[in-house]
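Q: I've got a model open on my screen and I'd like to learn how to read it feature by feature. Could you walk me through it?

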Amino acid sequence: MGFFSRLVSCLKNTKKSFTEKLKYVFTGNDIDENFFEELEYCLVSADIGINTTNQILDNLRDEIKERKLKKVSDCKELLKEILVEILEQNEIEEFTYPLAIMVVGVNGVGKTTTIGKIAQKFAKAGKKVVIAGADTFRAAAGDQLKVWAERSKARYISGEAGSDASAVVYDAISSAKAKGADVILIDTAGRLHNKSNLMEELKKIGNVVNKQYPEAEYHKLIVVDGTTGQNSINQVKFFNEAVDLTDIAVTKLDGTSKAGFVVELANEYDICVRYIGVGETADDLLDFDAKDFIDAIIE
Ligand SMILES: Nc1nc2c(ncn2[C@@H]2O[C@H](COP(=O)(O)OP(=O)(O)O)[C@@H](O)[C@H]2O)c(=O)[nH]1
Ligand SMILES: [Mg+2]
């Protein structure tokens, strides 16, 4: 299956719910207040937050005036343009090497799986990868990560369960330097005894990377679960305050009808959406593309 058809098939539930609602919005004839009201309802119920929705409507009103549009049917492509523009606000910059990516997020969102998929992407591109199993909180986390590491022939560095996460990162950096690796991927715990412990741990890892590996481009990527819609926005807010995020991966978009929240994420934060997860296997991680994304959810 081609890239775009995979995206379409993965986002089919979001598309279905969007399309059903938009059908009524775009069946009217003249552009009137009723049209804007229906569109507002449609965008909000597609999990685009109210602030972002209002902004979209304001932009739409301005453009309609500017382009002297009269018919509702002229507005659909314009709406898509506006959504793409929002999604393209935070440009996805190409990686430079050496590269360190710390992956954060709450439990169960798909951090470990996403690291496995990213490792595979880099391996395919001929990069040498080290994976640091710095989720030392859960004993089983390491086994899962090790399997992913073996699949992409990445070097895997871990610590005992309960050991210091930043010490694992220290070791991984030493190993990466010794072997001339291109990329370090750092898996972290999604939960500790309490939230402030977790944030302290993530900051400590950041300090180790900055100190021991200043030559590396350092990314802090949050993984959010696409099925939780608006909840993800709060998670991004929380982690961003602690570690100053640079990238977002949205997982489990296969099956959700709530993918609209990605538009709000892009609008509310200066953090690029870099990847989307569309399934559980190694190939199921796509590079995010704003135009394809919108084309896949709005006919
Ligand atoms: N359908 C689907 N499942 C996913 C995706 N990413 C992760 N998962 C599943 O989500 C579950 C939790 O993933 P895991 O990586 O262990 O989450 P972590 O606790 O954040 O490390 C696993 O069963 C994964 O297979 C995705 O993009 N799509
Ligand atoms: Mg994990």
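A: Helix α2 (residues 12–25) packs with helix α3 (residues 33–45) at an angle of about 175°, and their axes are 9 Å apart. Before we go on, this is a predicted model, where local features need pLDDT of at least 70, side-chain atom pairs count only at pLDDT 80 or more, and totals for chains, interfaces and linings use all residues. Residues are numbered from 1 along each chain as its sequence is written, while chains are lettered from A and ligands numbered from 1 in the order in which they are written.

Q: How do I read that angle for α2 and α3, roughly parallel or roughly antiparallel?
A: Axes are lines fitted to C-alpha atoms, for helices over the stretch in contact, and angles run from 0 to 180 degrees between N-to-C directions. Angles under 35 degrees count as roughly parallel, over 145 as roughly antiparallel, 65 to 115 as roughly perpendicular and the rest as oblique. Here α2 and α3 are therefore roughly antiparallel to each other. The helices themselves are DSSP runs (H or I, at least four residues), as strands are (E, at least two), numbered from the N terminus.

Q: Which residues of α2 meet α3?
A: Contact means that two C-beta atoms, placed from the backbone, lie within 7 Å. On the α2 side you have K21, L22, Y24 and V25, and they meet F35, E38, L39, C42 and S45 in α3. Sorted by class, that contact has six nonpolar, one polar and two charged residues. The classes go like this: Ala, Val, Leu, Ile, Met, Phe, Trp, Tyr, Cys and Pro are nonpolar, Asp, Glu, Lys and Arg are charged, and the others, Gly among them, are polar.

Q: Is L43 buried or exposed?
A: Count C-beta atoms, placed from the backbone: 20 or more others within 10 Å of a residue's own makes it buried, 12 or fewer exposed, and in between partly exposed. L43 is found in helix α3 and counts as buried because it has 26 C-beta neighbours inside 10 Å. Leaving out residues up to four places away in sequence, L43 touches I48, T53 and I56.

Q: Which residues have the most contacts inside the largest nonpolar core?
A: The general idea is that nonpolar side chains tend to be buried together in soluble globular proteins. A nonpolar core is a set of buried Ala, Val, Leu, Ile, Met, Phe, Trp, Tyr and Cys residues joined through C-beta atoms within 7 Å. The largest one here has 94 residues, and A132, V169, I184, L185, I186 and I248 have the most contacts inside it. Helix α8 (residues 165–179) gives the most to this core, with seven residues. Take L185: skipping residues up to four places away in sequence, L185 touches I101, V103, I115, I118, A119, V129, I131 and A132.

Q: How many residues surround ligand 1?
A: Ligand 1 is surrounded by 17 residues, and the closest are G110, K111, T112, T113 and G277. Helix α6 (residues 111–124) gives the most to that shell, with three residues. By class, the shell has two nonpolar, ten polar and five charged residues.

Q: What should I look for in the backbone?
A: Check omega and phi. The peptide bond from Y97 to P98 is cis, with omega near 0°, and P98 lies in the loop between α5 (75–87) and β1 (99–104). K153 has a positive phi of about 55° although it is not a glycine, and K252 likewise has a positive phi of about 55° without being a glycine.

Q: Where do K153 and K252 lie?
A: K153 is in the loop between α7 (141–151) and β3 (155–158), and it counts as exposed because it has 11 C-beta neighbours inside 10 Å. K252 lies in the loop between β6 (247–251) and α11 (261–268); with 23 other C-beta atoms within 10 Å, K252 is buried.

Q: What does D254 touch?
A: D254 also sits in the loop between β6 and α11. Not counting residues up to four places away in sequence, D254 touches C10, V278 and G279. The C-alpha atoms of D254 and C10 are separated by 4.3 Å, although the two residues are 244 residues apart along the chain.

Definitions and conventions. A residue is near a molecule or strand if its C-beta atom, placed from the backbone, lies within 6 Å of it.
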